[in-house]
Amino acid sequence: MKSEKQYIELYEQARQMIFAHAPEAMNAVRDEAFRSFASAGFPSRKVERYKYTDIAQLFAPDYGVNLNRLEIPVDPYQAFRCDVPNLSTSLFFVVNDMFYSGEKQEARYKKQEESEKRIPHANPHLPEGVIVDSMAHVFSHPSPLTTYLSEHYAKLAKTGEDAVTALNTMLAQDGLLVYVPKNVKVDRAIQVINILKALPQNAQRVVTDLMVNRRVLIILEEGAELKMLFCDHAADDRNFLATQVIEAFVGENASLDLYCLEETHYKNVRVSNVYIDQQLGSRVNHNVITLHNGTTRNKLDLTFSGEGAECQCYGCVIADKQQHVDNNTLITHKVPHCTSSELYKYVLDDKATGAFAGRVLVEHGAQQTTSQMTNQNLTATREARMYTQPMLEIYADDVKCAHGSTVGQLNEAALFYMRQRGISLAEAKLLLQNAFINEVIDKMQLEPLRDRLHYLVEKRFRGELNKCTGCKLCK
Amino acid sequence: MLEVKNLHAKIGEKEILKGIDLVINDGETHAIMGPNGSGKSTLSAVLVGNPLYEVTEGEAFFNGKNLLEMKPEDRAHEGLFLSFQYPVEIPGVSMTNFMKAAINEKRKYQGLDPMNAAEFLKLQREKRKVVELDSKLANRSVNEGFSGGEKKRNEIFQMAMLEPKLSILDETDSGLDVDAMRIVAEGVNKLQTPETSCIVITHYDRLLEMIRPQFVHVLYKGRIVKTGGPELARQIQEHGYDWIKEEIGEE
């Protein structure tokens, strides 16, 4: 329990400070989360779902946590351009784990609050009733709606089942709240840039390596439609540990497209847990892209609670040097007539390690389930390691399920064919790797993002993408 | 153009070429025939630098340069082209991107700027006509889902694009129907100039009647055991290889 000790002590000592800077709805579940964390501790690698990533080791270093909610001196609107050309988005920033709202926005909130007598939102482009805002801010406006929204908090992300979720729930003091009312379609994608930025160093503060605990709550009412894009960047070359918990409630016939794009650096640890609940006839498209990172662990727990729902999950990983990427998915078919498909592709170079463990659980009575899981991987060196574990667990007798995985090298015959045509070995490898990854990128729905990813992936393979492109902070 | 002296090569521990001597001058077309397993495809693979084969002895010069010291891509840049017996499918790489990469790498080798998009498309359109190749294939992945005939025509299309000095056609006629063979042969003939040469590897004289080589070599057990004119191909077609085996003192 060595790694856990510092977090337990931190909570015991700073509990009052944590509570003072967080909304009631988040505080309400905090002590329970603490008890879960303190009793179970971090999972060892003997725990099936954490077999490939040593969580305790990742959390062992001494990171600072900004419990006092000090303002980080950065104006992302001025400094940051995470361009996806031709993609018009409603743009929001989260600096570390704080929803960024500059003064101009504050003024806008006030004006709207006064003139419209409703919960403010940060962006005038959003359709009526749609909320994209800081949880703390929304929950500080008591109303039947905010009470209703706050009731969703920590409902999918059960703290008794995952130590990182428990730790996040215990320490998170603010989060991003996204709400789309019944039958409202948000045409413009919501883009959230997560920026990691170290606290300025001063005499009292020695440790500037930082742990952040991000929290996202997405609620889509019946028939609502939303496209969300999260882009992770690190603005300093400090050590960062980012935990993230995303909970998404997808109502009847609602549609959610979720994209998580990570372009951080090798000193970065990211542990993300995504929970999605799908109601009758709903549709989810979940995409996770790791272009550049340090150590990344992405967990997806998706549950079909209503019949006739459908999900597609796509993952794309490019890793080299000592990078580590672990994607772990659990799709639970609780009810009949749902369709799930997964395609995850990895290219691993140098001494990178990758892991994919996917489990599809078809519960008793979930007849007429269709499920397809594919994991394909390329290893470019003998030192690169890929662990792959596709799993099906079926308790119904009328289902169509398939799963498979491959680990291989670039096709020697194709390489030689290209070289005979005058294409250099390096270029031929690049073409083949690109082609391999493009298969999964081409399945992603957001076309401008797709074009951008084609460009970024090629740059990445050419070794020209060390951190991120189009971002002034990283340069 | 090409001068091969006492060339020996093996794959794994198996020696396949046991001393090949071959001289090809500018503008000449040579046919190489021989029973299955005699080393015809190995010879072509070794000349273009396939890493599966190891040269154990002998030398090969291409326009005065030591071929065996060059990387496969540089041999291509110097003007050596192989029409593969089994063209490789490359899923996810479009014909256009593939060809563009090939052309531009060659231009880079020659110290030229990359070809602009309009020029490239025009060239591609022109050269497709040589083998009556459907323009739809350009957007498809390299050889993926191509019929046997389309694959072979696609090889000749690439040859037309790259304008090699020496082309090796490795059983380009295998698996082709009569019309496709005519298209391929006419394509090859159109691309021949007094400065270019060609090696045709085949089992049948049908293709040779259309391409008309000046020299026919018989490869047997890793050596060229007989060389003659076009009439040799006809003799082989009629009588097989037994009489040649007898000539060299074998059963």
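Q: Across which strands does helix α12 of chain A lie?
A: In this predicted model, helix α12 covers residues 447-461 of chain A and runs at about 25° to β12(A). The strands that α12(A) lies across are β8 (225-234), β10 (255-263), β12 (283-292) and β14 of chain A.

Q: Which strands stand at the edges of the open sheet of ten strands in chain A?
A: The order of the sheet is β3-β2-β6-β8-β10-β12-β14-β16-β18-β20 (chain A), and its pairing is mixed. Each edge strand has a single partner strand, so one side of each is left without a neighbour in the sheet. The strands at the edges are β3 (98-99) and β20 (400-408) of chain A.

Q: Which residue is the bridge partner of Thr370(A) in β20(A)?
A: Strand β18 (residues 370-379) of chain A runs parallel to β20(A), and nine bridges join the two. In β20(A), the partner of Thr370(A) is Lys400(A).

Q: Are α11(A) and α12(A) roughly parallel or roughly antiparallel to each other?
A: Helix α11 (residues 425-441) of chain A also packs on the sheet, where it touches β14 (310-319), β16 (339-348) and β18 of chain A. The axes of α11(A) and α12(A) are 10 Å apart and the packing angle is about 150°. Since angles over 145 degrees count as roughly antiparallel, the two helices α11(A) and α12(A) are therefore roughly antiparallel.

Q: How many residues does chain B give to the contact with chain A?
A: Chain A contributes 16 residues to this contact. The side of chain B that touches chain A divides into 13 nonpolar, four polar and three charged residues. The number from chain B is 20 residues.

Conventions
Residues are numbered from 1 along each chain as its sequence is written. Chains are lettered from A and ligands numbered from 1 in the order in which they are written. This is a predicted model: local features need pLDDT of at least 70, side-chain atom pairs count only at pLDDT 80 or more; totals for chains, interfaces and linings use all residues. Two residues are in contact if their C-beta atoms, placed from the backbone, lie within 7 Å. Ala, Val, Leu, Ile, Met, Phe, Trp, Tyr, Cys and Pro count as nonpolar, Asp, Glu, Lys and Arg as charged, and the others, Gly among them, as polar. Two strands pair if DSSP finds at least two bridges between them. Helices (H or I, at least four residues) and strands (E, at least two) are DSSP runs, numbered from the N terminus. Axes are lines fitted to C-alpha atoms, for helices over the stretch in contact, and angles run from 0 to 180 degrees between N-to-C directions. Angles under 35 degrees count as roughly parallel, over 145 as roughly antiparallel, 65 to 115 as roughly perpendicular and the rest as oblique.
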